[in-house]
Amino acid sequence: MSRIEELTRNLVAPAIEKNNFELVDVEYKKEGNNWYLRVYIDKEGGVSLDDCQIISEYLSEKLDEVDPIENSYILEVSSPGIDRPLKTQRDFDKFKGSLVEVSLYQPIDKKKKYEGELVGLINDKVVITDNGERKEFDIKDISLVKPVIKF
């Protein structure tokens, strides 16, 4: 986590707690010629545009006070979406029993993607069952875990 991401987490924490939101993730990255500071929030029942505006206005004011970012950037506050990546223990607990896709950095048995029911994050291993077969993946070998959305 970068210094700016960590600082942003600390700055936004009071507004997150006050409004009973969950801070899902913060990312600061360059895309093309622009830098983006993205804050993903969630709450029971989902996030509205008004919720995003509350956090955006609060955080924008705090960032202006501290002024930690030298270059210009775009601040975005949004919901993580229904196919949000699972990153924290809380995410893995929340999606236990759901169908997930596990993407790996390097193939195992000639496959880089696995799908199955999430058992959980246990001792730094993501555990799924696929047709009754238990599979475990070291968290360090995983590039992404996300829910599978079937329509």
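Q: Let's take contact to mean heavy atoms within 4.5 Å. Which residues does Asp141 touch, not counting residues up to four places away in sequence?

A: With those sequence neighbors left out, Asp141 touches Leu104 and Tyr105. Keep in mind that this is a predicted model.

Q: Where is Asp141 found?

A: Asp141 is in the loop that connects strand S7 (133-138) to strand S8 (142-147).

Q: And how many residues apart in sequence are Asp141 and Gln106?

A: They're 35 residues apart in sequence, and C-alpha to C-alpha the distance in space is 7.2 Å.

Q: Why does Asp141 count as partly exposed?

A: Because its relative accessible area is 30%, and partly exposed covers what falls between under 20% (buried) and over 50% (exposed).

Q: Which side chain does Asp141 meet in a salt bridge?

A: That of Lys140, at 3.5 Å from N to O. Lys140 itself is exposed, with a relative accessible area of 61%.

Q: What about Arg84 and Asp91, buried or exposed?

A: Both of them are buried. Their side chains meet in a salt bridge, with N to O at 2.5 Å.

Q: What does Lys135 form a salt bridge with?

A: Its partner is Glu133, and the closest N and O atoms are 3.4 Å apart.

Q: Is Lys135 buried or exposed?

A: Lys135 is buried, since its relative accessible area is 17% and the cut-off for buried is under 20%. Glu133 counts as partly exposed, at 46% relative accessibility.

Q: How many salt bridges does a search of the whole structure find?

A: It finds 19.

Q: Let's zoom out. How many helices and strands does the protein have?

A: There are 3 helices and 8 strands. Starting at the N terminus, the order of elements is α-β-β-α-β-α-β-β-β-β-β.

Q: What box do the C-alpha atoms fill?

A: Along the principal axes, the box is roughly 55 × 35 × 30 Å.

Q: How many residues are there, and what share counts as buried?

A: The protein has 151 residues, and 36% of them count as buried.

Q: Among contacts between residues at least 6 apart in sequence, what share joins residues at least 24 apart?

A: That share is 49%.

Q: Which residues form a nonpolar patch on the surface?

A: Ile82, Ile149 and Phe151 do, and together they have about 400 Å² of accessible area. Ile82 sits in the loop between S3 and H3. At 57% relative accessibility, that isoleucine counts as exposed.

Q: What's up with Gly81, where is that one found?

A: Gly81 is also a loop residue, placed between strand S3 (74-78) and helix H3 (89-94). With a relative accessible area of 34%, Gly81 is partly exposed.

Q: How many residues along the chain lie between Gly81 and Asp42, and what separates their C-alpha atoms?

A: They are 39 residues apart along the chain, and their C-alpha atoms are separated by 9.0 Å.

Q: Back to charges. Which residues form a negative surface patch?

A: Glu61, Asp64, Asp67 and Glu70 form one. Glu61 lies in helix H2, residues 49-66.

Q: Backbone now. What's the phi of Asn20?

A: Near 55 degrees, a positive value in a residue other than glycine. Asn20 is in the loop between helix H1 (3-18) and strand S1 (22-31), and at 64% relative accessibility Asn20 counts as exposed.

Q: How about phi of Lys110?

A: Phi of Lys110 is near 65 degrees, again positive in a residue other than glycine. Lys110 belongs to the loop between strand S4 (99-108) and strand S5 (111-122).

Q: Is Lys110 buried or exposed?

A: Lys110 counts as exposed because its relative accessibility is 84%, where exposed means over 50%.

Notes
Residues numbered from 1 in each chain as written. Predicted model: local features only at pLDDT ≥ 70, side-chain atom pairs only at ≥ 80, totals over all residues. Heavy atoms only, no water. Helix = DSSP H or I, 4+ residues; strand = E, 2+ residues; numbered from the N terminus. Buried < 20%, exposed > 50% of the residue type's maximum accessible area, 1.4 Å probe, protein only. Patch = residues over 30% accessible without salt bridge, like charges linked within 9 Å, V, L, I, M, F, W, Y side chains within 5 Å. Areas by Shrake-Rupley, 256 points an atom, 1.4 Å probe, with all protein chains shown as cover. Salt bridge = Lys/Arg side-chain N within 4 Å of Asp/Glu carboxyl O. Lys, Arg positive; Asp, Glu negative; His and termini not counted. Charge placed at Lys NZ, Arg CZ, Asp CG, Glu CD.
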